Amino acid sequence: MAFSKSVIRSQAPAKCGICETDRPIKWKCVDCIKLLCNNCKEKVHPKFENAKNHQVVNIKDVGQPSVVEININKQYQNKLYVVDTISYCHDDSLWIKSNRDRVLQRVKPDGTKLEILSSFNIKIYGMDVTQSNSLLLITGEARLKQISSNMGSLTDSVYDLSPLEPTAVHITSDNKVLVGGVNKDYPKPGRRVVILMNQNGVHERVYEHDQHKQPVFTFPRRITCTKNSNIHVVDEVSGYRHRVVVLGQGSDIINIYTGDREINKNIPFRPLCIVATPRDNVLVADTFTSTFHILNNVGLLMTYYRTSDINIIHPYSLVFSPTGQLYIGCAISDNNKTDEDKIYEVAITGC
């Protein structure tokens with residue numbers, strides 16, 4: 001059983017965005033996208049142009065750095081080259097997919113093996129499980145597909161992003177659907193959005209521009225949502241540069257996280273999965289450094305954890321079970337002695 005602890009990043013990156021001193025950070029200006037100490041919030045920031053219209057939020061209740069510990073409970077081998085997405089079903093089965101292998105499977109953990117319940121030869125670009133246990137799928141069409149809980153065939157869902165092409169999907173705690181999308185002729189100029197839909201497929205809110213009417217996203221790859229309704233989006237700026245954009249309920253940008261200067265000193269920040277934790281923080285899998293970045297629910301780095309310390313290499317996909325167990329899907333690494341990839345079931349504490 002592997003065991004390790006995280007390294008606490010002691011708020012060194014979180015200096016006041018105005019005076020850049022080590023005064024305690026207590027505020028965040030959503031419009032300036034700056035962290036503020038109390039002195040600058042009271043005496044300096046009000047002098048900014050249009051400051052009276054700026055939204056300044058208190059960050060005192062968003063959590064403090066803590067030690068994250070991980071115990072590997074079980075590991076399962078499979079024949080896929082990479083488990084690039086993993087979703088949890090209410091009957092304790094898992095949906096796993098690998099676009100490289102062009103395989104979608106529903107599997108049931110059994111001892112140290114995965115029993116394959118069903119398998120589809122299909123390329124999937126995103127998926128998540130609804131509260132009714134149906135699987136929503138992005139297949140390259142504007143309308144999302146679904147597979148019902150009784151293991152029916154692939155059918156159309158009510159969730160349509162026309163004329164855009166879906167890129168990411170996330171089911172919220174109140175069973176609404178967040179879908180990322182881009183124009184069909186991407187990377188040509190066009191729209192890049194995250195859209196919130198209700199259970200009938202009605203578009204309730206479109207996240208596209210910031211408070212300055214500028215585009216928020218380049219290519220939204222992954223989405224999660226914390227209990228305070230903040231939306232966290234992995235945005236691919238380029239093939240080698242990613243970031244996490246955090247949006248508030250009013251669609252304002254609360255924070256943009258671009259990685260850590262130590263972790264990503266030699267290898268760029270390229271998160272391939274993001275998930276909210278039971279404590280309402282956010283776990284970001286930085287695949288190519290084999291590191292978890294743990295952010296609070298406004299997107300500030302609390303701590304990090306190197307999964308390579310417990311021999312979990314290239315964590316590619318993440319999902320929590322209702323009991324708080326974390327499943328990690330990985331890619332085959334150069335150090336892997338076998339031809340099989342692994343899925344890990346771990347107990348994680350401190351985040």
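Buried here means under 20% relative accessible area, exposed means over 50%, and partly exposed lies in between (1.4 Å probe, protein chains only). Strands are DSSP runs of E with at least two residues, numbered from the N terminus. In a regular strand the side chains alternate between the two faces of the sheet.

The structure is a predicted model, in which local features need pLDDT of at least 70 and side-chain atom pairs count only at pLDDT 80 or more, while totals for chains, interfaces and linings use all residues. Residues are numbered from 1 along each chain as its sequence is written, and side-chain values use heavy atoms, with hydrogens and water left out.

Strand β7 runs antiparallel to β8 (residues 94–98), and four bridges join the two; strands pair if DSSP finds at least two bridges between them. S87 has W95 of β8 as its bridge partner. The two strands form a hairpin with five residues between them. Within the turn, D92 has a positive phi of about 70° and is partly exposed at 44% relative accessibility.

## Nonpolar cores

The largest nonpolar core has 21 residues, and those with the most contacts inside it are L283, F292, L318, L326 and I328. At least two residues of this core come from each of β6 (69–78), β23 (271–276), β24 (282–286), β25 (291–295), β27 (315–320), β28 (325–330) and β29 (341–349). A nonpolar core is defined as a set of buried Ala, Val, Leu, Ile, Met, Phe, Trp, Tyr and Cys residues joined through side-chain atoms within 4.5 Å.

Beyond its neighbours within four places in sequence, L326 is in contact (heavy atoms within 4.5 Å) with residues including L283, F292, L318, F320, Y344 and I348. A second, separate core of 19 residues includes C16, C37, L300 and L301.

## Cysteines

The count of disulfides is zero, a disulfide being a pair of cysteine sulfur atoms within 2.5 Å. The sulfur of C225 lies 15 Å from the closest cysteine sulfur, that of C273, which is too far for a bond. For C273, the nearest cysteine sulfur is that of C330, 11 Å away. C225 is buried at 18% relative accessibility, and C273 is buried at 7%.

## Backbone exceptions

Most residues other than glycine have a negative phi, and most peptide bonds are trans. The peptide bond from S162 to P163 is cis, with omega near 5°, and P163 is placed in the loop between β14 (155–160) and β15 (164–171). Y186 and P187 are also joined by a cis peptide bond, with omega about 15°; P187 lies in the loop between β16 (177–183) and β17 (192–197).

D280 has a positive phi near 70°. This residue lies in the loop between β23 and β24 and is buried, with a relative accessible area of 10%.

## Salt bridges

There are 10 salt bridges, each a side-chain nitrogen of Lys or Arg within 4 Å of a carboxyl oxygen of Asp or Glu. K176 and E204 form one at 2.8 Å, N to O. K176 lies in the loop between β15 and β16 and E204 in strand β18 (residues 203–207), so the pair ties together parts 28 residues apart in sequence.

E208 and R191 meet at 2.9 Å, N to O. This pair links the loop between β18 and β19 (220–225) with the loop between β16 and β17, 17 residues apart. E208 is buried at 14% relative accessibility, whereas R191 is partly exposed at 36%. E141, K145 and D156 are linked in a network of salt bridges.
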